[in-house]
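Keep the structure open as you read.

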Amino acid sequence: LFRSRMIVTFLGTGTSQGVPLIACTCGVCSSTDERDKRLRSSVMISINNRNYVIDTGPDFRQQMLRAGVRSIEGIIFTHEHKDHIAGMDDIRAFNFINKKPVDVYCTKQVETALRREFFYAFQNDYPGVPELNIINFDNESFSIGDVTLIPIKVFHAQLEIRGFRVGDFTFVTDANFISEKEKQKI
């Protein structure tokens, strides 16, 4: 019996500003230890040589280059803060190389922010823009090909965001509250 192999790559584990922080001279920010050089939060899940990225922050381009990523099947957004969406423009390289739009999975609230922040990507008459297919989800499980994602509703202060469970791996970022019901999904 063939089993799919899932590889999880932590592309970034830093804060919303990354580590080191600009202009900071604390021990961590001035450290020469490579573990103190952390890009903004993002994860890539690879199953059967297909890559799915959760969040495209400002470091997305650097993360893709560093990891040697040649294609992505989809981008899944946790929420609309800039440190999670700002790199979306860089999917243009994948559009050009793979000659197809990138599927983008998000809640309606994230879609609203994407349409505001990347308005030019939704104008058909502008050449060279990111090509994407928006696919909305709420809090029910959904599939991308053979991959099933279970959204986990969590809160970041008052902002509702999503974590995700894929197989036996769960990714939750920016959370300060998870209800008991949602914890059961983990």
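In this predicted model, 6 strands come together as an open sheet with mixed pairing, in the order β1-β2-β3-β4-β5-β6. The edges belong to β1 (6–12) and β6 (132–136): each has a single partner strand, so one side of each is left without a neighbour in the sheet. On average, neighbouring strands here are turned by 20° against each other, direction ignored.

Strands of a sheet pair through backbone hydrogen bonds, in either a parallel or an antiparallel way. For β5 (residues 102–106) and β6 the sense is parallel, with 5 bridges between them.

Helix α4 (residues 108–117), meanwhile, lies across β5 and β6 and runs at about 125° to β5.

Last stop: T173. You'll find T173 in the loop between β10 (169–171) and α5 (180–183). Is T173 buried or exposed? With a relative accessible area of 8%, T173 falls under the 20% cut-off and therefore counts as buried. Leaving out residues up to four places away in sequence, T173 touches S41, D55, T78, H84, V154 and I161. There's a polar contact too: the side chain of T173 meets the side chain of D174 at 2.9 Å.

Terms used:
Residues numbered from 1 in each chain as written. Predicted model: local features only at pLDDT ≥ 70, side-chain atom pairs only at ≥ 80, totals over all residues. Heavy atoms only, no water. Helix = DSSP H or I, 4+ residues; strand = E, 2+ residues; numbered from the N terminus. Buried < 20%, exposed > 50% of the residue type's maximum accessible area, 1.4 Å probe, protein only. Polar contact = N/O pair within 3.5 Å; in protein donor to acceptor, adjacent residues only side chain to side chain. Contact = heavy atoms within 4.5 Å. Pairing = 2+ DSSP bridges. Axes fitted to C-alpha atoms, helices over the stretch in contact; angles between N-to-C directions.
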